[in-house]
Amino acid sequence: MSGSTFVPPRPATCAPSRAARELGLRRNEFTLAVRLGRIRTVPDEGGGGGRRVERAEIDRLRAQDGFPETLRERVRVVGTAEGAALMGIPAGRFTRLARLGLLVPVRLYLNRYRAVVWLYLAEELRQFAACAENAHLLKGRTPETLRGQLAAGVDLRARNWRGRHLGFLLREAEGPWARAGAVAVLLAPVEIADVVKDPYERAQLNRFRSAPSDHGAPGSPSAHLAEHLMTAHDSDEADWLRSELAHAVQEARDHSPAPRPAARHTAPARRPAAHHAHPVPPTAARHAVAAARPASPPPPRDHKSEPRATRPARGLRAWLHRRRPRPAEV
């Protein structure tokens with residue numbers, strides 16, 4: 001039966017590091033291209049648990065016109081100064097547009113002063129500047145409604161980045177629990193505990209709830225700041241995420257309940273039945289105890305201090321002593 005089973009050959013794949021080299025991308029550029037859907041990946045069927053790139057996908061990208069410059073340009077990111085120059089506007093106006101949520105950051109990093117540096121897709125900035133509907137935002141006076149929001153301290157950069165990062169996580173999620181864990185990434189643990197009461201379901205969520213790994217070592221100040229930026233703090237955003245988490249957990253629960261330890265049914269310990277022994281006479285009991293008691297070893301003999309045993313006198317003196325006449329009785 002096994003000899004006639006047909007097993008289709010697996011497509012040739014390579015690791016992400018190898019694919020990045022063959023595509024002429026740096027590792028962070030390759031990661032961003034995968035998250036944006038520019039490069040398709042497949043699960044690692046070899047049991048590694050990661051993602052791999054098929055050889056056919058690499059050949060498809062290499063066959064595009066202008067490779068590799070066109071691919072690198074599609075994942076190129078710029079900061080505030082370079083982005084403003086790309087759009088032909090002052091850096092201050094660029095920052096105001098980003099704070100209003102009109103320009104959505106795609107990445108961030110922390111500089112040596114632990115200040116957040118937002119990065120934007122150059123391709124999206126060019127598209128925004130080329131759209132005729134946005135011409136009044138690039139030149140002239142900012143509309144009154146937008147100036148009022150800026151005066152009130154509105155800054156949607158972190159919130160928009162969280163929403164974009166959630167889209168990345170959902171695109172990479174495999175299975176309902178992974179999708180629920182992706183939503184839980186943006187919530188504080190106390191919010192998760194309030195929505196998901198079952199501790200085993202929370203443990204299942206924690207398997208897929210991981211902070212970004214490219215913002216410093218775990219426990220470092222940079223990692224703490226990145227975790228703070230990743231967590232939703234506005235009430236309306238947190239309420240929306242709580243609703244999404246409850247819905248995602250319900251779907252995951254219906255699909256496959258969270259694993260929990262099996263209940264152990266142990267029988268109560270049985271006490272041995274008492275055996276009624278026949279009465280033993282006192283003398284026999286003493287002999288039995290004496291027989292069961294281990295015999296103590298004899299003390300070592302000291303030939304110098306041990307007195308010799310006296311032996312009865314023998315020979316002529318003893319015979320004379322026995323033959324001594326008894327006194328006559330009167």
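A crossing of two helices is left-handed if the near helix is turned anticlockwise from the far one by less than a right angle, and right-handed if it is turned clockwise. In this predicted model, local features need pLDDT of at least 70 and side-chain atom pairs count only at pLDDT 80 or more, while totals for chains, interfaces and linings use all residues. Residues are numbered from 1 along each chain as its sequence is written, and side-chain values use heavy atoms, with hydrogens and water left out.

Helices are DSSP runs (H or I, at least four residues), as are strands (E, at least two), and they are numbered from the N terminus. Helix α1 (residues 16-23) passes helix α3 (residues 55-62) with axes that come within 10 Å and cross at roughly 20 degrees; axes are lines fitted to C-alpha atoms, for helices over the stretch in contact, and angles run from 0 to 180 degrees between N-to-C directions. α1 is therefore roughly parallel to α3 (angles under 35 degrees count as roughly parallel, over 145 as roughly antiparallel, 65 to 115 as roughly perpendicular and the rest as oblique). The crossing of α1 with α3 is right-handed. Contact, meaning heavy atoms within 4.5 Å, joins Arg18, Ala19, Glu22 and Leu23 of α1 with Arg55, Ile58, Leu61 and Arg62 of α3. These residues comprise four nonpolar, no polar and four charged; Ala, Val, Leu, Ile, Met, Phe, Trp, Tyr, Cys and Pro count as nonpolar, Asp, Glu, Lys and Arg as charged, and the others, Gly among them, as polar.

## Helix Packing: α5 and α6

The axes of helix α5 (residues 80-87) and α6 come within 9 Å and cross at roughly 100 degrees. The two helices, α5 and α6, are therefore roughly perpendicular to each other. On the α5 side, Thr80, Gly83, Ala84 and Met87 meet Ala91, Phe94 and Thr95 of α6. This contact of α5 with α6 has four nonpolar, three polar and no charged residues.

## Backbone Features

The peptide bond from Phe67 to Pro68 is cis, with omega near 5 degrees. Pro68 is found in the loop between α3 and α4 (69-74).

Arg114, a residue other than glycine, has a positive phi, near 60 degrees. Arg114 lies in the loop between β5 (107-110) and β6 (116-121).
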